[in-house]
Amino acid sequence: MNQATHALSPAMQACIDACNACAQACEFCAASCLQEADVTPMAACIRSDMDCAQICRLCAAFTARGSQHAVALCELCAEICDACGAECARHDMAHCQACAKACRACAEACRAMATAH
């Protein structure tokens with residue numbers, strides 16, 4: 001995409017918004033998991049949250065600037081969101097369940113953006 005003529009489509013904006021919301025949910029989930037009485041069983045969740053938050057932020061940035069690599073990154077982001085959402089869904093805590101929901105929404109928005117372009 002040429003930056004001079006770049007405009008955000010509704011699918012792109014939805015992807016950016018979902019990525020930002022997911023990154024925030026993942027950061028909150030990781031921080032909350034660290035406050036659990038026994039952190040050890042939460043290690044995989046925390047790692048997934050950190051990976052997901054970082055890829056979501058990167059995906060939002062690439063999409064916002066109309067990078068030629070945004071579609072490929074959105075596809076990878078959706079994959080990582082799926083994995084994080086599945087891990088978080090395994091845990092009953094409200095923060096994990098909220099994160100799983102944000103991950104599912106982000107994966108859906110990323111796939112929609114990737115197929116729209």
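Let's start with a pair of helices: α3 and α4 cross in a left-handed way. Left-handed here means the near helix is turned anticlockwise from the far one by less than a right angle; clockwise would be right-handed. Helices are DSSP runs of H or I, at least four residues, numbered from the N terminus.

A word on the source. This is a predicted model, where local features need pLDDT of at least 70, side-chain atom pairs count only at pLDDT 80 or more, and totals for chains, interfaces and linings use all residues. Residues are numbered from 1 along each chain as its sequence is written, and side-chain values use heavy atoms, with hydrogens and water left out.

Back to the pair. The axes of α3 and α4 come within 8 Å and cross at roughly 155 degrees. Therefore α3 is roughly antiparallel to α4. Axes are lines fitted to C-alpha atoms, for helices over the stretch in contact, with angles from 0 to 180 degrees between N-to-C directions. Roughly antiparallel means over 145 degrees. The contact of α3 with α4 has 18 nonpolar, 2 polar and 4 charged residues. In these classes, Ala, Val, Leu, Ile, Met, Phe, Trp, Tyr, Cys and Pro are nonpolar, Asp, Glu, Lys and Arg are charged, and the others, Gly among them, are polar.

Now α4 itself, residues 94-116. Its 23 residues should span 33 Å at 1.5 Å a residue, and the end C-alpha atoms are 33 Å apart, which agrees. The expected span is 1.5 Å times one less than the number of residues. Buried residues of α4 include H95, C99, C103 and M113. Buried means under 20% relative accessible area, with a 1.4 Å probe and protein chains only. They pack against α1 (10-33), α2 (43-64) and α3 (70-89).

Next, α3. It has 20 residues and reaches 27 Å from first C-alpha to last, close to the 28 Å expected. Its buried residues include L73, C77, C81 and E87. Those buried residues pack against α1, α2 and α4.

Then α2 against α4. The angle is about 35 degrees, with the axes 12 Å apart. This crossing is left-handed. On α2, the contact uses C45, D49, C52, C56, C59 and T63; on α4, C96, C99, C103, C106, C110 and M113. Contact means heavy atoms within 4.5 Å. By class: 10 nonpolar, 1 polar, 1 charged.

Last, one residue. Is A30 buried or exposed? A30 sits in helix α1. A30 is buried, because its relative accessible area is 7%. Leaving out residues up to four places away in sequence, A30 touches I46 and D49.

Notes. Helix = DSSP H or I, 4+ residues; strand = E, 2+ residues; numbered from the N terminus. Buried < 20%, exposed > 50% of the residue type's maximum accessible area, 1.4 Å probe, protein only. Parallel < 35°, antiparallel > 145°, perpendicular 65-115°, else oblique.
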